[in-house]
Amino acid sequence: MIFSIFCALTAGTAKVLSRSVNSKLSGKTGLLKSTFFNFISGLLFSIILIISFHKLQLAGSRHFELWMLLGGVISVSVVFLLSYSLKAVSSVNMTVLLFIGQMSTGLILDFAVNNSFVLKTFIGIIVIGIGLIIQKFI
């Protein structure tokens with residue numbers, strides 16, 4: 001459990017740092033080129049990891065369906081949109097907006113897939129959103 005929490009915190013930190021680097025790169029090379037470089041470097045890093053951990057079994061490596069590419073398509077869209085929008089939104093506000101988006105999507109998916117709705121989570125999302133509005137406009 002503690003290791004999972006550590007991994008989540010590390011991933012969150014990496015996401016903020018990655019977002020900042022990608023935004024700076026898009027300012028120097030352009031939005032499409034920076035997104036391309038981001039994913040080429042990610043591909044190379046993934047290849048190194050796969051070679052390093054050669055025992056790694058890739059999910060679906062023997063069976064391929066088109067939907068398996070959806071994660072990459074979504075990731076490219078996320079990098080593109082974040083690199084574009086970070087020029088207009090501060091890093092802290094962007095992090096809060098991402099958090100609200102992630103929590104809202106998780107709430108919707110839990111309801112759609114598991115038919116469960118947690119009112120406390122919904123209220124928490126609303127409170128965080130109100131806090132962002134107060135911080136930004138009041």
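**View 1. Thr35 sits in helix 2, which spans residues 31–52.** We start with a single side chain in this predicted model. With a relative accessibility of 6%, Thr35 counts as buried, because the cut-off for that label is under 20%. Leaving aside residues up to four places away in sequence, Thr35 touches Val76, Val79 and Phe80. One of these partners, Val79, turns up again in the pocket of the next view.

**View 2. The second largest pocket has a volume of about 160 Å³.** Which helix gives the largest share of the lining of this pocket? Helix 1 does, with six residues. Helix 1 and helix 3 each bring at least two residues to the lining.

**View 3. Helix 4 runs from residue 91 to residue 114.** Its 24 residues reach 33 Å from the first C-alpha to the last, close to the 34 Å expected at 1.5 Å a residue. Just past the end of helix 4, Asn115 adopts a positive phi of about 55°.

**View 4. Stepping back, the protein chain has five helices and zero strands.** Read from the N terminus, the elements run α-α-α-α-α. The radius of gyration is 18 Å, well over the 14 Å that the globule rule gives for 138 residues, so the protein chain is more spread out than a compact globule. Along the principal axes, the C-alpha atoms fill a box of roughly 50 × 45 × 30 Å.

**View 5. The surface of the protein chain comes to about 10800 Å² of accessible area.** Carbon and sulfur atoms hold 76% of that area. How much of the protein chain counts as buried? The share is 14% of the 138 residues, and Thr35 from the opening view is one of the residues that count as buried. Among contacts with a separation of 6 or more, 63% join residues 24 or more positions apart.

How values were computed: Residues numbered from 1 in each chain as written. Predicted model: local features only at pLDDT ≥ 70, side-chain atom pairs only at ≥ 80, totals over all residues. Heavy atoms only, no water. Helix = DSSP H or I, 4+ residues; strand = E, 2+ residues; numbered from the N terminus. Expected span 1.5 Å × (residues − 1). Rg over C-alpha atoms; globule rule 2.2 N^0.38 Å. Buried < 20%, exposed > 50% of the residue type's maximum accessible area, 1.4 Å probe, protein only. Contact = heavy atoms within 4.5 Å. Areas by Shrake-Rupley, 256 points an atom, 1.4 Å probe, with all protein chains shown as cover. 1 Å grid on protein atoms, 1.4 Å probe; cavity = no way out; pocket = protein on both sides within 12 Å on 5 of 7 lines; lining within 4 Å. Points joined across faces, edges and corners; volume = space filled by probe spheres on them.
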